[in-house]
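Thanks for making time this morning; I would like to walk you through one model, starting with its rings and ending with its backbone. Please have the sequence and the structure open while I talk.

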Amino acid sequence: MVILSPSILASDFTILGEQMKQVEAGGNDYFHFDVMDGMFVPNISFGIPVLVSVRKNTKKILDVHLMVEAPERYIDKFIDAGADIITVHQEACKPLRETVEHIHERGKKAGIAIKPGTQIDVLDEFFGLADMFLVMTVEPGFGGQKYMDICTEKIKMLRTRLNDRGFDTDIQVDGGITRDNVEIPISAGANVIVMGSSIFKGSITDNTKYFSELFKKYN
Ligand code: DX5
Ligand code: ZN
């Protein structure tokens, strides 16, 4: 199943609730919630109070992407605010295994993200533990960047390695994905697709509908 997870980072926050409804009218599966702390990435986005409001506004799965130094400090707060999936960066979370286990103890799904320059080998020991692996297809920190083609090979290698070891773990891709290139990461083995600009620039409902229709052929 290919899952559509629009990133609200690209939305107009003055009418965020309205725009989320426009997305839902087009048929999304998740909402992707990009938390940036200005330390792990050179940008600051939003955090827990915004997630509390977003939670009140939708029943969709909230897919929280923590681009945060030492994210283990905030897991409980994001879960209490409404997160369904919490993804932490392998490069930022020292107690990674304990953090994934804690997310599971709280009854939520755990993702592990890697930046474009991080090799997939670091994920091996988490096969069978993490519910999702996020292969970043841009340097994290900003929406509206260009898809990095070098990441396609990483997606392919990760999907092959998971298959060889009998796991069907979700592979999420995030950054620079458009109508023109979306089938590249999907064909490489990604099945959770994050898009910000491709959803929120132009007609939100039409954009969402376009991708949800397209993804049906993979389901
Ligand atoms: C970047 C974020 C992405 C970004 C996607 O650090 O993790 O989720 O918002 O936005 P687009 O689809 O515009 O690249
Ligand atoms: Zn993201």
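Let me begin with a definition: a charge sits over a ring if NZ of Lys or CZ of Arg is within 6 Å of the ring centre and within 35 degrees of the ring normal. In this structure Arg-179 lies over the face of Tyr-210, at 4.1 Å from the ring centre.

Before going further, a word on conventions. This is a predicted model, in which local features need pLDDT of at least 70 and side-chain atom pairs count only at pLDDT 80 or more, while totals for chains, interfaces and linings use all residues. Residues are numbered from 1 along each chain as its sequence is written, chains are lettered from A and ligands numbered from 1 in the order in which they are written, and side-chain values use heavy atoms, with hydrogens and water left out.

Now to the ring pairs. Rings of Phe, Tyr and Trp (its six-membered ring) pair if their centres lie within 6.5 Å, and planes under 30 degrees apart count as stacked, over 60 as edge-to-face and the rest as tilted. By this rule the count comes to 6 aromatic pairs. One of them joins Phe-13 to Phe-46, edge-to-face, at 5.6 Å centre to centre and with 85° between the planes. That pair links distant parts of the chain, 33 residues apart, with Phe-13 in the loop between strand E1 (3-6) and helix H1 (16-26) and Phe-46 in the loop between strand E2 (30-36) and helix H2 (48-57). Helices (H or I, at least four residues) and strands (E, at least two) are DSSP runs here, numbered from the N terminus.

Of its members, Phe-127 is buried at 7%, and Phe-167 is partly exposed at 27%. Ring pairs also link Phe-13, Phe-33 and Phe-46 into a cluster.

I turn next to cysteines. A disulfide, taken as a pair of cysteine sulfur atoms within 2.5 Å, does not occur, the number in the structure being 0. Cys-93 is buried, with a relative accessible area of 4%, and Cys-151 is buried too, at 0%.

Finally, the backbone. Most residues other than glycine have a negative phi. As for glycine, Gly-141 is found in the loop between E6 and H5 and counts as buried at 2% relative accessibility. Its C-alpha atom is separated by 18 Å from that of Ile-48, 93 residues apart along the chain.

Methods:
Buried < 20%, exposed > 50% of the residue type's maximum accessible area, 1.4 Å probe, protein only.
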